[in-house]
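Welcome to my notebook. These are my entries on what I looked up, written for someone opening this structure for the first time.

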Amino acid sequence: LLYPSLTHRRWVWESDNIRDMEIPDSVASFIMNSFHCLPPDVLSALSVLSCFGASVSISLIETLEAEIHTPLMAPLDTAVAESIVDKRKGAFYFLHDKLHEAAYSAIGSEQRCLHHFRYGLTLGNVAVKERDDVLLITAVGQINHGGPQAVVDSEQGVAVASLNLDAGKKAMKMSDFFSAQSFFDHGIS
């Protein structure tokens with residue numbers, strides 16, 4: 001479509017072919033179209049990553065990978081090679097907010113709450129076993145993002161309430177009273 005011409009000593013383009021090209025209307029459409037070219041395991045790993053925000057610690061991803069028995073690190077390394085995410089200072093970062101949005105949009109809207117809830121419960125169990133306060137707060141944030149509709153039975157409801165209580169107490173110790181109130185509210189809802 002566009003190439004240098006040595007005989008004309010300038011760039012030459014094929015106007016008719018350029019006019020016939022299908023060009024997406026927006027950056028988001030372009031990114032979504034390019035996401036469909038990625039291997040399914042890379043797209044899945046990017047979707048998991050997107051549930052945690054624009055940047056996520058590598059240790060959290062490694063922990064989640066071990067617990068849910070789904071490859072995440074190798075596919076995310078592929079995403080790094082494809083310039084979708086960057087890996088620096090112990091974390092994965094989406095290189096653009098539209099890339100983050102596209103990865104998050106790859107999860108159906110009805111499934112998002114279940115993904116957040118599943119990852120939160122998984123990490124919550126690890127946080128309790130390892131007595132990791134930072135992981136606990138992240139996990140409970142994910143559980144609460146999933147919402148009460150994701151709870152399947154009363155036993156799971158009690159576990160969620162207990163995790164929220166623990167996270168609320170940790171937040172109070174850190175003088176984060178706003179988060180503590182949110183955890184307590186989610187725990188009783």
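I took two strands as paired if DSSP finds at least two bridges between them. Strands (E, at least two residues) and helices (H or I, at least four) are DSSP runs, numbered from the N terminus.

A note on the source: this is a predicted model, where local features need pLDDT of at least 70 and side-chain atom pairs count only at pLDDT 80 or more, while totals for chains, interfaces and linings use all residues. Residues are numbered from 1 along each chain as its sequence is written, and side-chain values use heavy atoms, with hydrogens and water left out.

**Entry 1: the sheet**

I began with an open sheet of 3 strands, in the order S3-S5-S4 and with antiparallel pairing. S3 and S4 are its edges, and each has a single partner strand, so one side of each is left without a neighbour in the sheet. On average, neighbouring strands here are turned by 20 degrees against each other, direction ignored; for such angles, axes are lines fitted to C-alpha atoms, for helices over the stretch in contact, and the angles run from 0 to 180 degrees between N-to-C directions.

Next I asked which helices pack on this sheet. Helix H4 (residues 58–68) does, touching S3, S4 and S5, and its direction makes about 70 degrees with that of S3. Helix H5 (residues 73–81) touches S4 and S5, and its direction makes about 110 degrees with that of S4. Contact means heavy atoms within 4.5 Å.

**Entry 2: strand by strand**

I found 3 bridges joining S3 (residues 55–57) to S5 (residues 91–94), with serine 57 opposite alanine 91. S4 (residues 85–88) pairs with S5 over 4 bridges. Here valine 85 faces phenylalanine 94, and lysine 87 stands opposite phenylalanine 92. S4 and S5 form a hairpin with 2 residues between them, and lysine 89 in the turn has a positive phi of about 50 degrees.

I also looked at arginine 88: its charged end sits over the ring of tyrosine 93, 4.3 Å from the centre. That label needs NZ of Lys or CZ of Arg within 6 Å of the ring centre and within 35 degrees of the ring normal.

**Entry 3: another hairpin**

Strands S1 (residues 2–5) and S2 (residues 10–13) pair in the antiparallel sense over 4 bridges. Tyrosine 3 stands opposite valine 12. The hairpin has 4 residues between its strands, and arginine 9 in the turn has a positive phi of about 55 degrees.

**Entry 4: two helices**

How do H7 and H9 pack? Helix H7 (residues 109–130) meets helix H9 (residues 154–173) at an angle of about 60 degrees, with their axes 11 Å apart. I noted Phe117, Leu121, Gly124 and Val128 in H7 meeting Gln156, Val160 and Leu163 in H9.
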